[in-house]
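Good morning, colleagues. Please take a moment to look at the sequence and the structure on the screen before I describe them.

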Amino acid sequence: MDNTENLTARERMQLDMVYDDFDADLLNRRVTAKTLFKAFIQTNDGLVEKRNKTQKTTDKQTLCKRLRTI
């Protein structure tokens, strides 16, 4: 029996295996990431405080932690 049969789509993706990119978990993670990055991109130089707050939210380490908990 192959040990890869019980892997989630995310685990398969991380192992560079064929995976279902329409998996509900992966889809939710993509939507969350896009939402956070879009919020940052929509700020401008006049919104320094909002940009800093958004940037802290979209910090790579923070984002990775958030995506793991979703």
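A helix here is a DSSP run of H or I that spans at least four residues, and helices are numbered from the N terminus. With that convention, the chain reads α-α-α-α along its sequence. In total there are 4 helices and 0 strands. Please bear in mind that this is a predicted model.

Let me turn to the chain as a whole. Of its 70 residues, 16% are buried. The exposed surface comes to about 5800 Å², and carbon and sulfur atoms supply 53% of that area. As for contacts between residues at least 6 apart in sequence, 27% of them join residues at least 24 apart.

I now come to charged side chains. How many salt bridges does a search of the whole structure find? The search finds 1. Its partners are Arg29 and Asp25, whose closest N and O atoms lie 3.1 Å apart.

Where do these two residues sit relative to one another? Both belong to helix α2, which covers residues 24-41. They are 4 residues apart in that helix, so about one helical turn separates them.

Is Arg29 buried or exposed? Its relative accessible area is 11%, and Arg29 is therefore buried, since the cut-off for burial is under 20%. Asp25, by contrast, has a relative accessibility of 27% and counts as partly exposed.

Thank you for your attention.

Terms used. Residues numbered from 1 in each chain as written. Predicted model: local features only at pLDDT ≥ 70, side-chain atom pairs only at ≥ 80, totals over all residues. Heavy atoms only, no water. Buried < 20%, exposed > 50% of the residue type's maximum accessible area, 1.4 Å probe, protein only. Contact = heavy atoms within 4.5 Å. Areas by Shrake-Rupley, 256 points an atom, 1.4 Å probe, with all protein chains shown as cover. Salt bridge = Lys/Arg side-chain N within 4 Å of Asp/Glu carboxyl O.
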